[in-house]
Amino acid sequence: MSDSATVADHNPALQHHFADMEQQQQAATMGMWVFLITEIMFFGGMFLAYMVYRYMYYAAFVAGSQAMDFWYGTINTIVLICSSLTMALAVRASQVGQRKALVALLIVTMLFGCAFMGIKAIEYTGHWRDHQFPGASFHFEGPDPQHIEIFFSLYWAMTGFHALHMLIGIVVVGFITFYAWRGRYGPDYHNPVENVGLYWHFVDIVWIYLYPLLYLISHKHTG
Amino acid sequence: MAAIPLPGAEHENYLNKEYGIRSWLLTTDHKRIALLYLLSITFFFFIGGFFALLIRLELLTPAGDLVQADTYNKLFTMHGQVMVFFFLIPAVPAVLGNFLIPIMIGAKDLAFPRINLLSWYIFIIGGCFMLYTILTGGADTGWTFYTPLSTSFLDTHVVAAAVAIFIAGFSSILTGLNFIVTVHRMRAPGMTWSRLPLFVWANYATSIIQVLGTPVLAITLALVALERLFHFGIFDPQKGGDPLLFQHLFWFYSHPAVYIMILPGMGVVSEIVACFSRKRVFGYKFMALAVIAIAVFGFLVWAHHMFVAGISLYAALVFSLLSYLVAVPSAIKVFNWTATMYKGSISYTTPMLYAFGFIGLFTMGGLTGLFLAALGLDVHVTDTYFVIAHFHYIMVGGMVMAYIGGLHFWWPKISGRMYPESWGRLAALTIFIGFNLTFFPQFILGYLGMPRRYWQYSPEYQVLNVLSTAGSTILAVGYVLPMVYFLWSMRYGKVADENPWGAAGLEWMTASPPPTFNFDETPEVTWEAYNYGEAKEVPVER
């Protein structure tokens, strides 16, 4: 938008308490990185629990991992990597001021996100049907079922919180798509797009770690 | 909106710029948000204090007569959770830090004013869950939520309490995030890192802990809730889960949380001591590095809460040694405050009395902390009143003293009015006496072997318990006094000028109360922090 804001101070997106656009942009970027650090610590708690129990109950974790559907996990990984690509392209489109490309890429990113959630929902339904949800109805054939229940507790907690982050990501991308469509972002002002991009990539990276830890640890045993 | 000038406060400021409930609930002004926090945490302080008084009343006699064991469990649980998560953790950062940090660094506001307001709303939502927990019968896990007690054996409102603290945690995270970015990106020209007031340094270090620690508590409580609601097995020993893992995760946050509660208090004391000694803080750089060191070491000592929980001896040894390390930067702080006062021109104003109280009581709390960090001694006094006395010396004797002292020190800036000085000194003295009478006997009780968390005790402990209960009554009076005269002073107090204490620091170079954007024009800093001696002297007698 903006009447070719040549002087940064006159940019309508500049909030009153910042001296100039550069300060505002640096603050926003730094805020996002600090937020991502808190997210790392949040997921870190579960990764720690995973590490401890995988060390304690290795055999049960392999057995639990064999109950995962390799292809759902793999396809979802590919879907998310593609969504990261479109997100990165969207950030670039906002930097160079290509409004239509920006809107299109954000929509594609959301679609990839929804596809991930859809596949995850199918997968969850399967686990639920097979009594692989912890609690009274949990049932698993084989030795050591209660340790496998811990594996599944971690599986549901880790992928569940990841899915929650995906959901939030899709909604937030929806908001910035709306503003992008209204023409709010351009070469002078695009840090909301960049920050949402950072968040999106972070959520992807969490999955990049979840995928091998949950789906692949048993692969050589099945192979 | 047209501002109606208040008598004596003719300039437009953040208080009289707009009126009406909307202008407060939708404000993004850090100073107004600070006052919103002030009201909210005062409310929770009195709720938590009410539980404390019930606990002390029950312990007046050895028999369990006032309340039954179950009720007593709920009382100390609710006391702990309300005080820690809804008063102590937000106290100095969210009230004084919120109000002062932007002004102290010469900024118009925090980096993210709307997120600042959001964090207050998140706090209120968390607070509503806490009130719901209390009103529907409370939780009785102890403030620590230890598993499997909390997950498998209780049918009280554990999930609601966990949700309350989970939500309030995000308010704490957002405040910390806001402060970090503000200190990095919003400093006025010339306000270098080595010119920052130590209050800003202290809150910066606190923010690092809030940002790194709180998410771990959040996920831990989330897993506890999942365990209760859906019978996940992560901490359930019946399924092979490990309760020690819970304790590690819980204390990974909750030990550093102690530093969330004490570091900002140290910042307050540095400001007060420098001002009322008329001297630059001794060893400024060491003081700044010490708060960062405490924040860093604070993350490496958590398992000293678990010496008797069954961790390995070698782990315990390492954690014990690391715990001693925290004493080094803490001692630097205490020695440097003392050195600041040495040959200073000291005036015994109310804030200074609180600072004295802080230094003495924090030293006691810190030294008894070393007792507890010693492996052998800890086995003897763990889970006794010795521990209770130790952490109340840090949190109440330290943090609450600093918080109330800070409120007095900056009250002229916040309200534009002076509090009545003689009442202030009386209250400070009352609190000091009441505090020591309440908690000093508990050191002895603990050493003699009285365990914590029981509603009845052997008759030979009664004398000391009566002393403690009597002290808590005096303490309560001491806490009510400032509330009364602060309210009184808002209308009848002497009008404060820009710098009633003759203090250094940017916050004293703008009007009292400050205008909405803090300064009429962005200041340019050309002087070092605490330039007492160079600055023009203003007499402070009364």
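This is a predicted model: local features need pLDDT of at least 70, side-chain atom pairs count only at pLDDT 80 or more; totals for chains, interfaces and linings use all residues.
1. The crossing in which α9(B) passes α10(B) is left-handed.

2. The residues that form this helix contact can be listed by side. From α9(B) come Phe286(B), Met287(B), Ala290(B), Ala293(B), Ile294(B) and Phe297(B). From α10(B) come Leu322(B), Leu325(B), Val326(B), Pro329(B), Ser330(B), Ile332(B), Lys333(B) and Asn336(B). By class, the contact of α9(B) with α10(B) comprises eleven nonpolar residues, two polar residues and one charged residue.

3. A second pair in chain B is formed by helix α11 (residues 350–373) and helix α13 (residues 385–415), whose axes come within 8 Å and cross at roughly 160°. That angle makes α11(B) roughly antiparallel to α13(B). Here too the handedness is defined: α11(B) passes α13(B) in a left-handed crossing. The contact of α11(B) with α13(B) draws on 15 nonpolar and ten polar residues, with no charged residue taking part.

4. Chain A is built from seven helices and has zero strands. Read from the N terminus, the order of its elements is α-α-α-α-α-α-α. Along the principal axes, the C-alpha atoms of chain A fill a box of roughly 70 × 30 × 30 Å. Of the 223 residues in chain A, 40% are buried. Among contacts in chain A with a separation of 6 or more, 76% join residues 24 or more positions apart.

5. The contact between the chains takes 29 residues from chain A and 32 residues from chain B. On the side of chain A that touches chain B, α1 (21–56) and α5 (145–181) each supply at least two residues. The largest share of that side, 16 residues, comes from α1(A). Sorted by class, the side of chain A that touches chain B has 16 nonpolar residues, twelve polar residues and one charged residue.

6. The largest nonpolar core has 240 residues. The residues with the most contacts inside this core are Leu154(A), from chain A, and Val95(B), Ala162(B), Leu263(B), Val269(B) and Val291(B), from chain B. Taking Ala162(B) as an example, and leaving aside residues up to four places away in sequence, its contacts are Phe145(B), Leu221(B), Val224(B) and Ala225(B).

7. Pro441(B) is found in helix α14 (residues 421–448) of chain B. A residue is buried if 20 or more other C-beta atoms lie within 10 Å of its own; Pro441(B), with 22 such atoms within 10 Å, is therefore buried. Residues up to four places away in sequence not being counted, Pro441(B) touches Leu464(B), Leu467(B) and Ser468(B). As for Phe50(B), it lies 391 residues from Pro441(B) in sequence, and the two are 21 Å apart in space, C-alpha to C-alpha.

Terms used:
Residues are numbered from 1 along each chain as its sequence is written. Chains are lettered from A and ligands numbered from 1 in the order in which they are written. Two residues are in contact if their C-beta atoms, placed from the backbone, lie within 7 Å. Helices (H or I, at least four residues) and strands (E, at least two) are DSSP runs, numbered from the N terminus. Ala, Val, Leu, Ile, Met, Phe, Trp, Tyr, Cys and Pro count as nonpolar, Asp, Glu, Lys and Arg as charged, and the others, Gly among them, as polar. A crossing is left-handed if the near helix is turned anticlockwise from the far one by less than a right angle, and right-handed if clockwise. A residue is buried if 20 or more other C-beta atoms lie within 10 Å of its own, exposed if 12 or fewer, and partly exposed in between; C-beta atoms are placed from the backbone. A nonpolar core is a set of buried Ala, Val, Leu, Ile, Met, Phe, Trp, Tyr and Cys residues joined through C-beta atoms within 7 Å. Axes are lines fitted to C-alpha atoms, for helices over the stretch in contact, and angles run from 0 to 180 degrees between N-to-C directions. Angles under 35 degrees count as roughly parallel, over 145 as roughly antiparallel, 65 to 115 as roughly perpendicular and the rest as oblique.
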